[in-house]
Amino acid sequence: MLRFIIRRVIIIIPMLFIIVSLTWGLIRLAPGNFYTGEKKLSPAIEQNLREKYGLNKPWHTQYGKVLWNIIRFDFGSSLKYEGQSVNQILWRAFPVSAALGLCAYLLALAVGITTGTLAALRQNSWLDYASMALAMIGISIPNFVLGPLLVLVFGLTLFWLPPALWNGFPSKSIILPAITLSAIYIAYIARLTRSGMLEVMRSDYIRTARAKGLSESAVVTRHALRGGLLPVLSFSGPALAFLITGTVVVERVFALPGLGNYFINACFNRDEPLIIGIVAFIAIAVLAFNLLVDIAYGFIDPRIRY
Amino acid sequence: MSHSSSRLTGFARIFLLAIIAAGCATSAKETFFGKTKPPQANVLRYVSGSEPESLDPQIPTGQPEARICMALYSGLTEYDPKTTAPIPELAERWEVNKDSSEFVFHLRQDARFSNGDPITARDFVYTIRRGLSPELAARNASLAYYIKYAEGYNEGGVFVRDANGQFLLEKDFSDEAEQAKKPLSSKPVDSIASEYPPIPEEKTPGTDTPFHRFMHSPDRVVLPGDEKGRKKALDANPKLKNAIAGKEFVPVKPGDVGLEAVDDYTLRISLTQPAPFFISLMPHQFFRVVHEKTIEQFGNAWTDPSNIVTSGPFKLQSHKPYDRIVTVRDPMYWDAANVKLDGITFFALQDNATIMNLYKAGELDAMLNHSVPAAWLDEISPMKDFMDAPEAAIDYFLFNTTKGPTSDVRVRKALNMSIDKRALAAWRHIKPLTALTPEGIFPGYPQPKGDPFDPEKAKRLLAEAGYKDGSGKFDPKKFPSDQVELTTNPDGNNLPVAEFIQAQWKQNIELAIPIKIMEFKTFLVAQSKLDYKGIARTGWIADYMDPFNFLWLYYTPTGNNGTGWWDPKYVEILDEANRTIDPQKRYQLLAKAEAMALEIQPCIPLTTGATRWMKKPYVKGMYPNPQTMHAWKFVYIERDSAKWDYSVPRMVG
């Protein structure tokens with residue numbers, strides 16, 4: 001087990017190196033610079049800027065600095081936002097994305113697993129059909145449509161909830177974005193739970209459990225769920241990583257100061273240190289959560305041994 | 001100035017479409033858009049646009065930052081709330097010498113920074129020198145290039161000094177005609193009084209000082225500081241090249257820049273050229289005063305809410321990037337008694353649909369210009385809280401005059417003449433434009449008219465240019481349509497506008513000109529390198545209220561020009577205009593230059609901008625002015641609904 005974990009941690013290092021190098025290369029390929037604007041600069045002013053930000057140094061020096069920054073986990077200063085360090089931005093934006101992502105995640109798990117289990121237990125009933133139809137809709141409606149629709153109903157017609165902005169956590173302002181963000185995950189989890197449960201409920205050990213006279217609820221909660229939720233687990237680990245590291249669309253639609261919003265603007269602004277900082281941060285989060293899921297497997301599924 | 005807001009990505013576009021459904025749901029009878037309940041606190045909730053690059057007034061270039069800086073910092077002059085003409089702020093009054101090449105500002109003596117320190121002329125000297133320092137690398141530094149030796153200092157230039165300590169002078173290396181045109185600020189003066197128009201006795205434009213005499217001595221030669229640039233400059237002037245042999249290069253220092261604190265409350269600024277518009281530049285954020293000790297102590301981190309010291313009617317309380325900037329009234333501000341709001345919260349919002357939603361829900365009181373999406377105009381424009389006015393801004397297409405068919409003036413004129421700009425303007429709820437300066441912005445300016453819509457003449461011109469069949473008639477098939485394309489970035493309304501004009505050409509002169517879409521920054525790079533085929537979209541928002549700011553676009557062959565057309569004769573007329581003291585005569589000369597450029601047709605003028613924003617009726621003291629700049633101390637929240645704004649001037653009926 002320990003050897004497995006160490007091997008997986010070590011592999012993160014070359015992965016990160018590749019991701020960061022690719023990102024850096026792509027930024028360099030894109031024309032324009034953080035200071036390119038509608039208003040043109042005189043060559044001398046451009047020269048001053050290049051001098052100030054070390055852009056006239058040879059490329060390998062600049063690339064080396066990027067790698068060194070990653071090693072120290074200090075990504076330097078944002079180019080676009082004078083006086084703000086990338087680390088500062090990360091630690092300010094991450095809690096927003098994390099709060100939103102976590103709310104959406106818990107909502108998705110609670111609603112998704114409940115619906116999926118009920119659908120499986122009452123297979124081919126109206127409940128099953130209705131919940132799976134809803135799940136299908138959930139998967140099909142993209143969140144840039146769902147978000148505005150929710151805003152229209154709850155924000156602009158009923159005036160129950162604010163249509164956008166971040167008022168800290170907890171506050172009413174998180175409700176609409178969390179629902180918007182969770183919809184597709186609710187749908188996936190419900191479907192995964194249902195099919196997982198259907199398979200498990202037909203298996204021999206459930207028959208054994210019933211045979212030894214356990215009540216139906218005990219069979220479901222103590223035995224069936226444990227096996228039936230394995231597909232959900234492998235889906236929800238990486239899902240959590242993606243959810244808490246920022247979601248571009250939802251954060252933009254609701255104007256939330258999260259990582260996703262920063263990321264998309266950093267790309268438009270050609271803000272190299274910020275792009276690399278966010279990419280590295282998300283990459284580490286995703287790799288770490290994948291590892292955690294693999295470890296969790298070992299505990300939940302008795303068939304898996306490392 | 002750039003508007004760095006409203007860059008719609010694909011999903012946001014669809015999002016917008018989805019939300020149009022929301023718009024349609026409101027009844028047409030409503031007078032105002034959404035809720036009209038004033039906020040409980042006496043605090044204005046304003047959308048300032050995209051997240052500010054910095055709260056350091058010398059750094060950012062965009063309008064969103066300008067409006068935040070207007071709350072936090074004071075300048076020598078401020079924008080008039082209705083006209084945006086300069087009004088006294090920290091300068092109580094000023095004197096201008098006879099040819100507008102030197103300005104003396106008299107500062108009010110009760111002005112203080114937010115920490116209580118007095119604001120003196122020395123603070124302004126520090127502020128502008130700092131803005132010009134190459135280390136700060138401010139992108140707006142060129143706004144201060146009118147000041148003597150400012151450009152040389154900002155570019156890291158050098159003077160040339162001989163063994164006797166004498167500097168090489170420009171007059172020895174240029175012809176006499178050139179010297180005769182030098183402004184008063186470069187000529188020796190007998191007395192201060194002879195230099196300035198008569199003023200009452202107790203008010204003097206400062207005293208004569210050694211620095212003043214240095215400013216009025218003949219201009220020194222300034223050469224580029226780097227070897228390569230210097231070699232290039234010297235190769236162009238052999239006489240100068242010979243003269244520098246054995247002489248020493250002395251860097252231009254901040255102390256050489258034409259800024260002088262004559263005493264604590266008198267600031268004298270000497271310019272390289274007559275610039276009557278210089279006063280209009282002073283409210284720009286680049287010239288707003290900053291606190292030296294704070295900057296020297298905290299360096300880059302001086303704008304942190306815990307460190308910052310400001311000079312405006314409001315001071316910073318907190319800054320949450322990508323969310324909001326909270327400011328509160330500064331009791332130290334000299335006119336604090338007349339500041340009506342307790343504070344302003346600036347929201348950093350980018351998405352127009354989100355802004356409109358929040359405004360409708362009553363979570364916001366006012367928003368920045370261009371926030372109302374074009375697709376909503378039919379519904380929004382009848383509403384009483386819609387603020388529309390002609391804007392000191394223009395939309396236009398550049399011609400690449402250096403290559404391809406568009407290097408022929410007849411082709412350029414034909415392409416311009418074959419667009420029905422009235423139809424374009426009607427479709428966009430905006431004003432059409434045929435000239436290089438925006439229409440209806442500068443009262444008394446005798447703006448020349450460009451060519452009217454005339455497709456028949458366009459065809460004749462194209463035939464003359466050689467695109468004709470055997471009988472001498474225009475033949476669209478002969479036109480090399482693979483050598484001309486309309487290049488644009490897809491953001492905002494650019495694409496629909498390009499398509500509209502493409503259809504116009506197809507319909508009116510049967511030319512099929514393809515549209516080429518480029519990502520914003522990629523496009524800007526191509527534009528400045530003249531790396532586009534034929535035609536490229538662009539726009540300009542005024543930095544200061546003067547027609548010269550628009551004519552200046554063709555003042556140099558590079559930079560914002562983008563067309564490749566440049567004519568020293570055009571520059572000569574502009575210079576002459578700026579030397580002219582009588583404002584009406586000056587306007588006539590500017591108009592003469594504009595007419596000359598219109599003959600060359602380096603671009604296709606399309607439309608004058610429109611401000612397009614909204615404010616709740618209870619917000620008073622904010623007006624739809626041509627730059628959408630609001631001097632915040634005049635703004636207040638009116639709780640008596642009888643005194644609300646129920647009608648505002650409207651540009652489109």
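A residue counts as buried if 20 or more other C-beta atoms lie within 10 Å of its own, as exposed if 12 or fewer do, and as partly exposed in between, with C-beta atoms placed from the backbone. The model shown is predicted, and local features need pLDDT of at least 70, side-chain atom pairs count only at pLDDT 80 or more, and totals for chains, interfaces and linings use all residues. Residues are numbered from 1 along each chain as its sequence is written, and chains are lettered from A in the order in which they are written.

**View 1. Helix 3 of chain B and its surroundings.** Helices (H or I, at least four residues) and strands (E, at least two) are DSSP runs, numbered from the N terminus. Because 10 of its 12 residues are buried, helix 3 of chain B is largely enclosed by the rest of the structure; among the buried residues are F124(B), Y126(B) and R129(B). These buried residues pack against strand 5 (102-107), helix 4 (150-154), strand 8 (259-263), strand 9 (266-270) and helix 11 (292-298) of chain B, where contact requires C-beta atoms, placed from the backbone, within 7 Å.

**View 2. An open sheet of 4 strands in chain B.** The strands follow the order 1-12-11-10 with mixed pairing, two strands being paired if DSSP finds at least two bridges between them. Strand 1 (43-47) and strand 10 (314-320) of chain B stand at the edges, each with a single partner strand, so one side of each is left without a neighbour in the sheet.

**View 3. Strand 10 and strand 11 of chain B.** These strands run antiparallel and are joined by 6 bridges, and K315(B) stands opposite V328(B) in strand 11 of chain B.

Methods. Two residues are in contact if their C-beta atoms, placed from the backbone, lie within 7 Å.
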